[in-house]
Each structure stands twice: as structure tokens, then as C-alpha cells.
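Have the viewer open and follow along.

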Amino acid sequence: MKRRNVLFEDALELALEKAKLAANISKEITLVRDFRGRIRLLLPGNKEDYKEDKEKQLFALCKELSKALANYGFPPERMALFSDDLVQDISSALSRDRLLIRQEQNIPIFLLDRQIIGHDWLRESFTGEISNPRVAFFGIKGGVGRSTALIIWAWRLAKQGKKVLIFDLDLESPGVSSTILPKSSMPDFGIVDWFVEDGVGQAENVEDEMAAASPLAQGLPGEIRIVPAYGSKTNEYLPKLARCYSDSAGETSESWGARLERLVVGFEERLKPDIVILDSRAGIHDIAASAVTRMEALSLLFAVDSPQTWKAYEFLFHHWKQHPNLPKLRERLQIVASMIPETGREEYVNRFRTNAWDLFRNHLYEEAEPNMPDAFSFDIDDEDAPHYPLLVFWHRALQEFNPIGIREGINEKTANEALEEFVNRAFLFAFGEEYK
């Protein structure tokens, strides 16, 4: 029978098993996985620290790893790296990105995963204090009515007297910016301008010209301010977009997510909002990862009842099992059933709830046992559970939805019919109290 080659999903587990042999070599081990998925050892110090018996043991370990990993490894003589010899960008990533993934014989084993995207889905939250709730609107797939729900909720919040601050983080396909900010209200600059200027140390040159009041809240007791993806003076959008996703350079290298956090905190301190809404990009880009996973945001996960949607969320939830602070993360999640059809609604919602329960139960819920009274586990019909969906009903009038028209009451009836249940429960989710 032909022996199966080592595949990507096999390699890390094989490397972890072999890394046990390092117990007499080093007080800690880091596995570095490069952009192609190849794995090698990273040991503290330099090569001169591993002489005599340690040198023999290390070479034997390198041979074992090289043989076990096959194409996902390196030749024995290139299998080990040493921290003192690292170039600057890897040294910065080592202090910022590596994750503790196993403890063997009191030896911690870390993973430094050199991904192009995807780091932030497993990073811990930033530790700063937040004076206002943050809510991220996220969808694993686009076209599910996320932006419409965001706009109507923002309007209802302003109607109740809340100061709402929105960040349009869907930089690849900005929609909220232009939908509730007509040209006459656009600020000079937007988020892409900030990231480019921040990259050369002069973000303050655009910060004062990035936030604008939306006429959607005109005449209401509250306000809606938006930091758009772009402004009226933004030129060269695509070249700027290509440059705004990078980590900052230099000795104080900062991840893209940390830079986004700094941007949001700056505006929170300046504008003192009652709530911040992060309109996240759909899909698994690191923009979404930062908004959902790292910024202490309560996350509304928009979905429609389709096999494609549930499978995509399954990939993400399965990945989250490795999160270093999963208990805290999963408490901030809430599924949203969007675009519920006009016919067969009860059957659709029941089916959606069952599929959402399966998703959470299989990946994020804990087994409820008598000796675990506080287990993170919920029955299928528990209305306080994150799988129990907030409901957004599809309404044909929403196809021609004009948010600015809400001010004259033109679309208010439609908006209420479609999102009344969503608005009430989203308010409770964000503020911990009933909508009044």
C-alpha cells in the first residue's frame, strides 16, 4: 500500500510530537511555520550555547523532524534557528505573534505562524480600558443586509439620544460611507488616508478632517458621526489601499490590528461616543479578525440559512478552538438571522436556529456535566444563548431603501417591520438593558 505523503494538516501535529525530544536541550521551544507551511525549530540564544551533549541531541532531533515532516520540513542542517541570529522583522513577530500551544514536561512549546493573513483570529484582545461599548457587524459572506441593519440601528440609537460613532472598515468595498454621508457632508480624508500617513509617522495631518456628522440624525436628540473609508480629498485610492494593511516598521513595530485600535481609541477620546459601531469587511481578512476578535467588541455574526454560510462559519469556529482566551471571546458573539424570507418564516427561523445551535455546540459550547454548573452550554431554545438568532426580516421595499428618507418618515414603517426585533435585542446585547 502506497504511503501517504505528509499534508499541511498533518505537519504541525507531527512537529509537536517530535518537539517533546527537546526537553533536555532547551527551556522552551518555538516552532516557526513559514508562508508555505514549512516548519522548523527556533531555540533561544545562539548556536554556541548548544555544545557537546546538547549538540548531539539537537542534531538527532533535527534529523527526526526533517524525516517526519518531509516536504513540510527542512534538511537537518537547516532545521534549527537561533533567536540571537534573527533578522529584525522576525524578532518583532516573535515578541508579538507567537502563541503558546502546548506544555510538555514543563517545557512550553510556542508557534510562530508566518501567515500572510489570518494572524488576528487567534490573537488576544488589546488590554486598554473601553469607556463605551463597541459592536462589530460581521458577515462570513457578503450580501446579507449587514450594512442596512447597521444604518437602521444607528438611526434608532440616535433617535433615543445616543451619540453613535461608525467606522467604515469595509475598505475593499466601502458602502456605509457613501450611503449615509452625501457628497456635501463628506470629510476631507478617511481611514485609508490615515493608515498611509501613519505609516510615515504623520497621521495627525489628517485626523482632524476624518469624522463627519450624518444628516440621517438631523433633528434627532442623538447624533451619528462616521469615520469613512475615504474622504472628498482622497486620491490614489487603490495605491493607498495596497499600502494600508501593513504592520508599522521600525524598532517599535506595530501590527495592523494594533494600529486600528490606536485609531479607534483616538476618536473615542476625542468624540466621547455612547457607542462605537465597526462595519467590518466580510470574510476572513485580518480587518474582520481585528474588529471581531481583538477590540473587545460585541460581535453580531450575520448569516443566511445556506450550506455555504454554515460551512464557512464552521471553518472559522473550528479555528477559534485554539484561541488563547476562548472563554472571553465566545461571550461576545451573537448570531443574526438576516434576510428572513416573507413566506415560511417560522419554519425558516426554526431551521436556522437548529443549524446555529449545531455550529456553536460542535465548536464553542462546553459539555454540560453535573460537576460543571458554570459550563458555557445552552439548550436550543434558550433565548439568552449566542446561537439564538437576532431576526432581520427581508422586505421588498428594502431593495430601494433610502436611509436619508427615514428622516421624513418615508421608510420608517418599512424599517420597523423588518428590524424591530433586531433593534430591541441588539440594544440589550450592547447596553445590557431593554430598549425604550
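The paragraphs below start with the sheet and its helices, then turn to a single threonine.

Keep in mind that this is a predicted model. Begin with the open sheet, which has 8 strands in the order β8-β9-β7-β10-β6-β11-β12-β13, with mixed pairing. Its edges are β8 (212–213) and β13 (390–393), each of which pairs on one side only. At the β8 end, β8 and β9 run antiparallel to one another and share 2 bridges. You can pick out A213, whose bridge partner in β9 is R225.

Now bring in the helices. Helix α14, residues 412–431, packs on the sheet and touches β6, β10 (275–279), β11, β12 and β13. Its direction makes about 155 degrees with that of β13. Helix α11 (residues 307–320) lies across β6 (134–139), β11 (298–303) and β12 (333–340), and it runs at about 150 degrees to β11.

Is T234 buried or exposed? Its relative accessibility is 15%, and buried means under 20%, so T234 counts as buried.

What does the side chain of T234 contact? It makes a polar contact with the side chain of D193, at 2.6 Å. A polar atom of the T234 side chain also lies 2.8 Å from the backbone nitrogen of G231. Leaving aside residues up to four places away in sequence, T234 touches D188, F189, G190, V192, D193 and K240.

Note on methods. Residues are numbered from 1 along each chain as its sequence is written. This is a predicted model: local features need pLDDT of at least 70, side-chain atom pairs count only at pLDDT 80 or more; totals for chains, interfaces and linings use all residues. Side-chain values use heavy atoms; hydrogens and water are left out. Buried means under 20% relative accessible area, exposed over 50%, partly exposed in between (1.4 Å probe, protein chains only). A polar contact is a pair of N or O atoms within 3.5 Å; within protein, one must be able to donate a hydrogen and the other to accept it, and residues adjacent in sequence count only if both atoms are side-chain atoms. Contact means heavy atoms within 4.5 Å. Two strands pair if DSSP finds at least two bridges between them. Helices (H or I, at least four residues) and strands (E, at least two) are DSSP runs, numbered from the N terminus. Axes are lines fitted to C-alpha atoms, for helices over the stretch in contact, and angles run from 0 to 180 degrees between N-to-C directions.
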